[in-house]
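Subject: Structure for you to look through

Dear colleague,

I am passing on the structure we talked about, and below it I have written out what was found. Please keep it open beside you while you read.

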Amino acid sequence: MRATIYDYPLEELKNLVKPPFRAKQIYSWLYHNYVSSFDDMQNIPKTLRAELNEKYEISPLKIVKSEESDDGTIKYLFELADGHTIETVLLKMKDEKFNENGELIHHAKYTVCISTQVGCKVGCSFCLTAKGGFIRDLSAGEIVAQIVYIKRDKHIEHNRRGNIVYMGMGEPLDNLSALTSAIKIFSELDGLAISPRRQTVSTSGLSSKIDKLGEMDLGINLAISLHAVDDTLREELIPMNKAYNIASIMAAVRKFPIDKRKRVMFEYLVIDNINDDIASAKKLVKLLHGINAKVNLIYFNPYEGTSYGRPSVKKMESFSDYLINHGILSTIRQSKGIDISAACGQLREQTQ
Ligand code: SAH
Ligand code: SF4
């Protein structure tokens, strides 16, 4: 397999092409014009184009299909060079606005949910991605290409920044080096310029890797998939909790460098009759004491073959009310794209 040109942060690309100023030009073609062929890079000399053609691939992804949900969510299924598939989801957070003359006054706001692995090793009992086991890590270029493809497909100009959440398939911190390269490549000012403050890494809680990511001090946002407040239940839901228990995760979060204006997000997947009782809400309040936290309550999205159920709206609201009444910022996440299986935990590898 040839390397993809999306694998390289600008500094690295400068070491690979001569003279180094060509790297910026290449970046502009890749991330401002979204070209899919080196031959479209008009101000790059033919000899360099030929060299690039020989050494690198541009897009490591082939689109297999895309489906649009009633709420504007789009799910893309991509095939990688080795035939495995991944999914990426474009979430429309706000519609565009027009004035009475039909002129655009506000652009739509997007968040893209990207994958970092084919499958996942963590093996959460409630997650569809886990069912297919772990296949492999994505390269930085395969992570970056998901965003470039969507921007090109939806004609989103490079200066319309949007947000990135690492909440698709896989455990991002289990693929730390590709993840950190991707974060860097996305934030290059000569490229997409999506600052780390617009990027959120969601993790099931590999505390030692949270520490490592924190030490890099990238300015990234952190989301912890907590889902349970005691270790016995959390081990049932997330087997890896045996190695990284709740106390170790909370210790890592307390050390993690977070922008003063930002909060650490705690995702709490609410499963009917499993973790939806007020006693759990009470423990959660205690656990988050002293942390600038925001809790995102997620309805469990059922799928065929699962024994878990979706909680009632009433239960969800009482849980949320308890948190809010005890000083914890809490929102109930409205699942987008359920009709096309693009909601959280509904992404999986597709077998042709
Ligand atoms: N591996 C990372 C990121 C990908 S999962 C993590 O676990 O955080 C993204 C989110 O989807 C997680 O919060 C996960 O708990 C949630 N999720 C998984 N299965 C789900 C399901 N069936 N219904 C709702 N959310 C689910
Ligand atoms: Fe992996 Fe996240 Fe799914 Fe758990 S919820 S199996 S960590 S993708």
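Which residue in E13 is the bridge partner of threonine 203? The partner is isoleucine 224, although please bear in mind throughout that this is a predicted model.

That bridge belongs to a pairing between strand E12, which covers residues 199-203, and E13, and the two run in the parallel sense over 4 bridges. As you follow the chain, you will find that E12, helix H7 (residues 207-216) and E13 together make a right-handed β-α-β unit. E13 also pairs with strand E14 (residues 264-270), again in the parallel sense, over 3 bridges, and in this pairing alanine 223 stands opposite methionine 265 of E14.

Is E13 enclosed or open to the outside? Buried here means a relative accessible area under 20%, and 5 of the 5 residues of E13 (residues 221-225) are buried, so the strand is largely enclosed by the rest of the structure. Asn221, Ala223 and Ser225 point one way from the strand, while Leu222 and Ile224 point the other way, and all of them are buried.

Stepping back to the sheet, 10 strands form an open sheet with mixed pairing, in the order E3-E4-E5-E8-E11-E12-E13-E14-E15-E16. Strand E3 (62-68) and strand E16 (329-333) stand at the edges with a single partner strand each, so one side of each is left without a neighbour in the sheet. From one strand to the next, the twist averages 20 degrees. As background, strands of a sheet pair through backbone hydrogen bonds, and they can do so either parallel or antiparallel. An antiparallel case is the pairing of strand E5 (residues 85-94) with strand E8 (residues 109-113), which are joined by 5 bridges, and there valine 89 stands opposite cysteine 113 of E8.

Finally, please look at ligand 2, whose surrounding residues include Cys120, Cys124, Cys127, Glu171 and Ser204. Sorted by class, the shell around ligand 2 holds 6 nonpolar, 3 polar and 1 charged residues.

With best wishes

Terms used
Residues numbered from 1 in each chain as written. Chains lettered and ligands numbered in written order. Predicted model: local features only at pLDDT ≥ 70, side-chain atom pairs only at ≥ 80, totals over all residues. Heavy atoms only, no water. Buried < 20%, exposed > 50% of the residue type's maximum accessible area, 1.4 Å probe, protein only. Pairing = 2+ DSSP bridges. Right-handed = clockwise from strand over helix to strand, strands pointing away. Axes fitted to C-alpha atoms, helices over the stretch in contact; angles between N-to-C directions. Near = heavy atom within 4 Å. Nonpolar A, V, L, I, M, F, W, Y, C, P; charged D, E, K, R; others polar.
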